[in-house]
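Student: Could we go through this model together, one question at a time?
Tutor: Gladly; here it is.

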Amino acid sequence: MGEMKRRDFLKLLGAGAASASILGAIPLLHGEFRYVRKRTKDMYAGMVAYDRSVRSTCAGNCTQACGWNACVNGNMITGLIQASDYDVYDPVAKNAYNPRGCMRGASYVRYIHGPGRIRHPYKRVGKRGEGKFKRVSWDEAMSGIAKQMGDIIEKDGADSLVFFSPIPAYNYVSAGAGYRLANLLGASGPLSFYDWYCDLPPGDPITWGTQTEESEEWDWTNAEQLILWGSNVAETRIAAAHFVTESKYRGTNLVYIGTDFTATARIADEFISVTPGTDAALANAVISHIIKKELYDKEYVKLFTDMPFLVRMDNGKFLRENDIIQDGSPFKLYIMDENTGNPQIAPGCCGDERESLDLQKFGIEPALEGEWSVELKDGKKVKVKTVFSLLKERMKDKTPEWAEKITGVSAKAMCNLAENIAAKKTTIIGGGGVNHWYNNDVNNRTMILMLALTGNVGKNGTGFHQYTGQYKVWLKGLGKYGRILKTRPENGTLFVWTHYIMNLWKLGKDFNEIVEDVESGFLKELPGGHADGMNAPVSFDLKDHEGYKNYLLLKSLAKGWMPVYPKPPKRPKAMFIWRGNFLNQAKGGSQVKKWFDDPEKLELVTVIDFRMNSTAVFADYVLPTAGWYEKFDVTTTPMHPYLQAQNEVIKPVNDTKTDFTIFKDLARAVNNEAEKRGGLKWFDAKYEKNRDYTKIYREFIDADGNENPYFKSVCREGCLETAEMAVHFTLKHSPVLYPDPDGYMKYKDQMAPELRMIIENMLFKGDTDGYIKGLTDLIKKHPVPFPSAQTMKRPLNPWRENIEQKIPFPAGGKMHYQKKNKNGYEINELFISRYLGVVPNGGKTLTGRQQFYIDHSTFLTLGEEFPMYKEPETDLLPNGKPAPLKLNTPHERWGTHSTFRDMDLLLRLQRYSAFVAVNSADAAKRGIKDGDTVRVYNIYGECKTMAKVAPSVKPGEVWIQNGAEMINFFKGWYNAVTPVRPKPTQSVIYPEEENPPFYHLKYGWNLWGVTGNECDTSVEIEKE
């Protein structure tokens, strides 16, 4: 055999002839193979070679905030390696959080250097949504946007400009810079996101008076029973999933409650498959069994819940002091004292000054059950019962046998679950699977009630925890930098409902006038609601179920209980969207898309992003922003108590800029445009302020040094001119970064030496700026646990302080506002994480306890004073018949909302497109086979995509993964079939009497507001 030339050898390989038998027969080829192997090795080595490694943090809003070391060659990231450095500054948790990461975060490099990256500014030249853009310079883009903004301000006012960016906690300055510009303009927004996305569990504020409180994930290992309820941790919280399996290894009983068989169900000890939307029925049955078998913790229930409080039988309201005493307080409530046989004001309730739940101090022994007759101030006698007595009556027929018919879960399984909750330290990890429903507040409240009855709240290894997104703003300095509360923060759900769905601006009236027309019977229909136009009923008549709910929503808007801007008859004229994908994620998508389609409605749409997402396709200007590893910022998450830096690993690629720089440049452009016009001003009636836009740039950068004077000696133009200055300012005004001096002396061994040094040598000596500078330098190297968190027991668990110290819920009343001055700096008496999410002006629930009976008029009218199961909502088909299938939109392993949905590397692991998963039996009935193109539809709209036939999907349900982009579908997208379905019980203030000392419920941006929902959507599918 003659010598084979290299060219011939490569031909042989290309022809597929290099089989094992041929290779074995040609030993002379070994040299050629060594050559090929060397070339291959050199090629791949060159691709991954790097000259330095920089620590940064993933910012995908999957909640996990994982640290990565970026490997850098020149100005290119060649790879990412899990940082595994959470132990460096944390001698307490040590290696508990090492390592963190998943394939989504690891693939992000593809966004930075891959083909999907937006590298230059673009201006639309075709129709909206047509995808035709031309490249423009930054100056052209900024001046063009500023000119249109100036036109809108002159014609319609600055409040017609609307700003939206979700989840500031995954990079504070990037979000805060836009919020700051919105404030200086007087624009509307920022729109809320946590409630709009329906990730906010409204049962939390209803029960506890706070946004969301959760343990750090490390505490899961302290549970004796873990219930993952609608939370597919194994796929959606990959970095945290090891705590679940570690708990199982330690003997923890692992229960998964959901509809479909998932990766988490596979590892559970018990999988409880519940009929979609019936979770509250299951929880009611568990509660019923706990009460019937007297499995509740009587002493815990009497001290820490509202169960002993007295309720009037004539009107369903709590018995209040002003019922019995002339000029009494409506905020002082009664319990029955068994020692005296008389009603007593409950210590620690909203109107009571005694900030203690330790009833022994006051010689009170509350009765948990009973019925009495009480004389009112007018001499009338009324019957009163305890909340527990009423609950017992309501739950009497909510038996496991009753729930079995509704949920499809066996009565035996529910009894077993109830007995295990009572016997074991139980943690519930709740997910979007139980939250993305119209009656989500009922779902949350029933689950919390299960735990509270058995004493499973406020102790390590217990509690109800909802980890859906990086919603918690640990760094309260963001409010000061972004000026969020000094602008027009509003509820995202009602903004969309008011303007894009109901088109209330068409009525030409304000909210009060609209409500008057409804109450007079003049207005019976709103100019929107369904895809077919003016067919949304509105009525003052309680018998008209849908119409009355719309009336209650309008009433809350008219009273200012929930804010929406611009106020009708004005409407939005422009939207600025960054760090989010508003249109793609918008419930009521078919109606919302009409606004983005039409330049007559939305005159200006500006999108700032690193990729061309679905919203960007409908933009007038697309501005390319820096990615996660191309800017300096800070990040936090509710899953663990670490402050982390997002370091600038490489310079922004090509023509991209950081969000901070873009908004600074836009402020300058508006300033220049105002000067070109010879001055541009707008009188802001809300703040009674004449806004002068020739000064907006100086205000944005703090040119006078009034806000951030630390940098006066080094700044070029202003003291907030760089992202690092903004970080310093934000950190400085964030209480969670200041250790409790008393706790420090007790727990200082929990501090790393590097952290102790800057605390003792700078902070405790009065050099606050030096301390913040030192803290910033530390986080650039490794994550730092919040100093406040290190001055108490770890792992953190909410309500532990309330139980141990017997103080009112949520934040000890006045203790939340009281200050103490130690070592030269002032801190809150109670300032640790538990209390950061308190609703505005809040410090106590109405009862001062975990509250399960809500005597608000809206709750009483709708029969929701107790959390009781209600049937899921049903949507119609175009023919008027009920749609038979429930649409679920779960989060899953291949994407985080819409991020990564267009990632080519991850699409290879799926089907290269979105798909609708359908049960085998449901598919067979409709003649659908795996891989078929199907149409998903209802009265609102339709989408077309591929079918995935899967026996793991619950019969009667289909699902499409949350966040799939429009390009992932053949037509439409998953939100084309969802409505906007606001719930009136989430649009209230409470107490509703005037001037309470604290608000249990009051609108707070992402703290309390109306949630959007999509899982109640009903559809039909058919083969195309």
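Tutor: On a 1 Å grid over the protein atoms alone, a cavity is a set of points where a 1.4 Å probe fits but cannot get out, and its lining residues have an atom within 4 Å of a point. Points are joined across faces, edges and corners, and a volume is the space filled by probe spheres set on them. This is a predicted model, where local features need pLDDT of at least 70, side-chain atom pairs count only at pLDDT 80 or more, and totals for chains, interfaces and linings use all residues. Residues are numbered from 1 along each chain as its sequence is written, and side-chain values use heavy atoms, without hydrogens or water.

Student: What volume does the largest cavity have?
Tutor: Searching the whole structure gives 7 cavities of 30 Å³ or more. The largest cavity has a volume of about 350 Å³.

Student: Which residues lie nearest the centre of the largest cavity?
Tutor: Its lining has 9 nonpolar, 13 polar and 5 charged residues (Ala, Val, Leu, Ile, Met, Phe, Trp, Tyr, Cys and Pro count as nonpolar, Asp, Glu, Lys and Arg as charged, the others, Gly among them, as polar). Of the 27 lining residues, those nearest the centre are Tyr-170, Arg-579, Gly-580, Asp-609 and Thr-899.

Student: How far apart in space are Lys-383 and Asp-314?
Tutor: Lys-383 belongs to strand S14, residues 381-386 (strands are DSSP runs of E, at least two residues, numbered from the N terminus). Although 69 residues separate Lys-383 and Asp-314 in sequence, their C-alpha to C-alpha distance is 7.4 Å.

Terms used. 1 Å grid on protein atoms, 1.4 Å probe; cavity = no way out; pocket = protein on both sides within 12 Å on 5 of 7 lines; lining within 4 Å. Helix = DSSP H or I, 4+ residues; strand = E, 2+ residues; numbered from the N terminus.
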